[in-house]
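This report asks the reader to follow a ligand site, a set of aromatic rings and several local features of the backbone. The chain is shown first, and the discussion follows.

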Amino acid sequence: MESMLVRKHDLTAGGKKATSRSWEKLFTVLRGPRLSFFKDQKHAKQEGAVPRDGPLDLRGGEAEVASDYIKKKHVYRLKLSDGSIYLFQAKDDSEMDFWIRTINSA
Ligand code: I3P
């Protein structure tokens with residue numbers, strides 16, 4: 001699975017507040033239980049491409065609607081087993097539901 005996703009890093013491993021907290025549009029690649037983020041599709045397709053972030057290990061993690069996040073619509077939260085948290089903003093609820101299901105079954 002590959003897609004441009006809009007992401008905000010909230011907490012780092014161990015549950016510390018992330019220092020780089022702005023919303024970013026990143027080319028995202030899901031392979032098995034691993035989620036990797038690239039600057040754009042071109043960077044992702046380069047031979048030996050190194051992700052800008054990740055891969056994140058989704059095993060033991062969970063995605064859910066971020067109903068307490070009221071600044072933007074269609075936002076879902078990914079909690080990882082290491083304590084880190086990422087928020088994602090989908091373009092609508094159906095895209096949000098799709099990604100929540102996809103992440104939770106990865
Ligand atoms: C962040 C940026 C984010 C904002 C975050 C800021 O600043 O404005 O959009 O999150 O607030 O720190 P910067 O771009 O300088 O990193 P929200 O959109 O959720 O408000 P936060 O630190 O309160 O999460």
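Is Phe37 buried or exposed? With a relative accessible area of 1%, Phe37 is buried, and this value, like the others in this report, is computed on a predicted model.

## Aromatic pairs and the cluster

The structure holds 5 aromatic pairs, one of which joins Trp23 to Tyr69, whose ring centres lie 5.9 Å apart with the planes at 65°, so that this pair is edge-to-face. Because Trp23 belongs to the loop between strand S1 (2-11) and strand S2 (24-31), whereas Tyr69 belongs to the loop between strand S5 (62-65) and strand S6 (75-79), the pair ties together parts of the chain that are 46 residues apart in sequence. The two partners fall into separate classes of accessibility: Trp23, at 24% relative accessibility, counts as partly exposed, while Tyr69, with a relative accessible area of 14%, is buried.

Another pair is formed by Phe37 and Phe88, and here the ring centres are 6.2 Å apart and the planes stand at 20°, so the arrangement is stacked. This pair likewise links distant parts of the chain, since Phe37 lies in strand S3 (residues 34-38) and Phe88 in strand S7 (residues 85-89), 51 residues apart. Phe88, at 1% relative accessibility, counts as buried, and the relative accessible area of Phe37 is also given as 1%. Phe37 and Phe88 belong, together with Tyr76 and Tyr86, to one aromatic cluster. Phe37 has a charged neighbour as well, for Arg7 lies over the face of its ring, at 4.5 Å from the ring centre.

## The ligand site

Which residues surround the ligand? They are Lys8, Arg21, Ser22, Trp23, Tyr69 and Lys71, and by class this shell has 2 nonpolar, 1 polar and 3 charged residues. Trp23 and Tyr69, the partners in the edge-to-face pair, are thus both found among the residues around the ligand.

Asp68 is exposed, with a relative accessible area of 55%, and its side chain makes a polar contact with the side chain of Arg77, at 2.9 Å.

What is noted about the backbone of His74? Although His74 is not a glycine, it has a positive phi of about 55°. With a relative accessible area of 22%, His74 is partly exposed.

The peptide bond from Gly54 to Pro55 is cis, with omega near 5°, and Pro55 is found in strand S4 (residues 53-57). Between S4 and S5 there is a loop that contains Gly61, a residue that is partly exposed, with a relative accessible area of 25%. The C-alpha atom of Gly61 is separated by 18 Å from that of Leu5, the two residues being 56 residues apart along the chain.

How far apart are the C-alpha atoms of Asp82 and Leu56, which are 26 residues apart along the chain? The separation is 9.9 Å. Asp82 itself is found in the loop between S6 and S7, where it is partly exposed, with a relative accessible area of 41%.

Note on methods:
Residues numbered from 1 in each chain as written. Predicted model: local features only at pLDDT ≥ 70, side-chain atom pairs only at ≥ 80, totals over all residues. Heavy atoms only, no water. Near = heavy atom within 4 Å. Nonpolar A, V, L, I, M, F, W, Y, C, P; charged D, E, K, R; others polar. Phe/Tyr/Trp six-rings, centres within 6.5 Å; stacked < 30°, edge-to-face > 60°. Helix = DSSP H or I, 4+ residues; strand = E, 2+ residues; numbered from the N terminus. Buried < 20%, exposed > 50% of the residue type's maximum accessible area, 1.4 Å probe, protein only. Lys NZ or Arg CZ within 6 Å of the ring centre and 35° of its normal. Polar contact = N/O pair within 3.5 Å; in protein donor to acceptor, adjacent residues only side chain to side chain.
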